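Trainee: I would like a close look at one part of this protein, the part where charged side chains pair. Please take me through it step by step.

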Amino acid sequence: MAPYGILIWAVITAVLASILILASHVHNARRNRTTSVAFFHPNTNDGGGGERVLWCAVKAIQEESPDLDCIVYTGDHDAFPDSLLARAVDRFGVELLHPPKVVHLYRRKWIEESTYPRFTMIGQSFGSVYLSWEALCKFTPLYYFDTSGYAFTYPLARIFGCRVICYTHYPTISLDMISRVREGSSMYNNNASIAQSNWLSQCKIVYYTFFSWMYGLVGSCADLAMVNSSWTQSHIEKLWGIPDRIKRVYPPCDTSGLQVLPLERSTEYPAIISVAQFRPEKVRYKLISTRHILFNLRHFQLP
């Protein structure tokens, strides 16, 4: 029994040492925390609506609280302050007051889909925690602003003493996804082999139910959550259970190109090709500016 006792003691010692080391990192980071806003956006070259939200949010902070430094956590190693400033203008027409500071991350592979052939959703979620650990150890801000939808990083940011703000474009898991599995529907989140097997479907329902519980737990750590539509708001409110901290902010879109189009109409019937969702709210409210983000941040009492 002696060898087993020594092994158990060694394992306990190693675990306690690891906990002490982690606690020391957190303590030092909290003590060196700066009055700034750091944006967790590992893919700053994705070119989508999420990146436009990032630059509009940075601009809003610079206008509302010029004394706050804006930092961007990025996994793009060719991204630098001046290049990001130029990209915000050239790609999205967002003119920042000054270049944001940059913190480069080197563990972005842990949030990439290709890293997890199976259980991709939960793999990327836990991988984001590992990536945010790198980010927060390198630079610890007062305000942690997630613009990429990595809710599993929120508890860690709170442990580091940050106040958590997020803009959620789409929930990581929705109640609709669980319903499709229950109904046996074969779709993007439920391939045919699982949909046709009752046993596999039941296993996936358990997996989704457990993940949705975890998603609600971590999401509830957000101090202020902004969502991009009434659909997203409905799901996030049910999953996170913090309706008083959730604000609907429609995504900022550049309409300058549309405004210069001639008003004369062709006599021919127009042909419309839909490449996204057409919802009344998205048709009516696309003319949003950074002021909508400012309104919510002002009520969040940024200094």
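Mentor: What follows is a walk through a network of salt bridges and one further pair.

This is a predicted model. The protein has twelve helices and seven strands, and 44% of its 303 residues are buried. Side chains of opposite charge can pair when their charged atoms come close. A search of the whole structure finds six salt bridges.

Asp76, Arg108 and Glu112 are linked in a network of such bridges. Begin with Asp76 and Arg108, whose closest N and O atoms are 2.8 Å apart. Asp76 sits in the loop between β2 (69–74) and α3 (81–92), while Arg108 sits in the loop between β3 (101–104) and α4 (120–138), so this pair ties together parts that are 32 residues apart in sequence. Both Asp76 and Arg108 are buried.

Arg108 also forms a salt bridge with Glu112, with 4.0 Å between the closest N and O atoms.

For another pair, turn to helix α4, where Glu134 and Lys138 are four residues apart, so about one helical turn separates them. Their side chains meet in a salt bridge, at 3.0 Å from N to O. Glu134 counts as buried, with 6% relative accessibility, and Lys138 counts as partly exposed, with 43%.

Key: Residues are numbered from 1 along each chain as its sequence is written. This is a predicted model: local features need pLDDT of at least 70, side-chain atom pairs count only at pLDDT 80 or more; totals for chains, interfaces and linings use all residues. Side-chain values use heavy atoms; hydrogens and water are left out. Helices (H or I, at least four residues) and strands (E, at least two) are DSSP runs, numbered from the N terminus. Buried means under 20% relative accessible area, exposed over 50%, partly exposed in between (1.4 Å probe, protein chains only).
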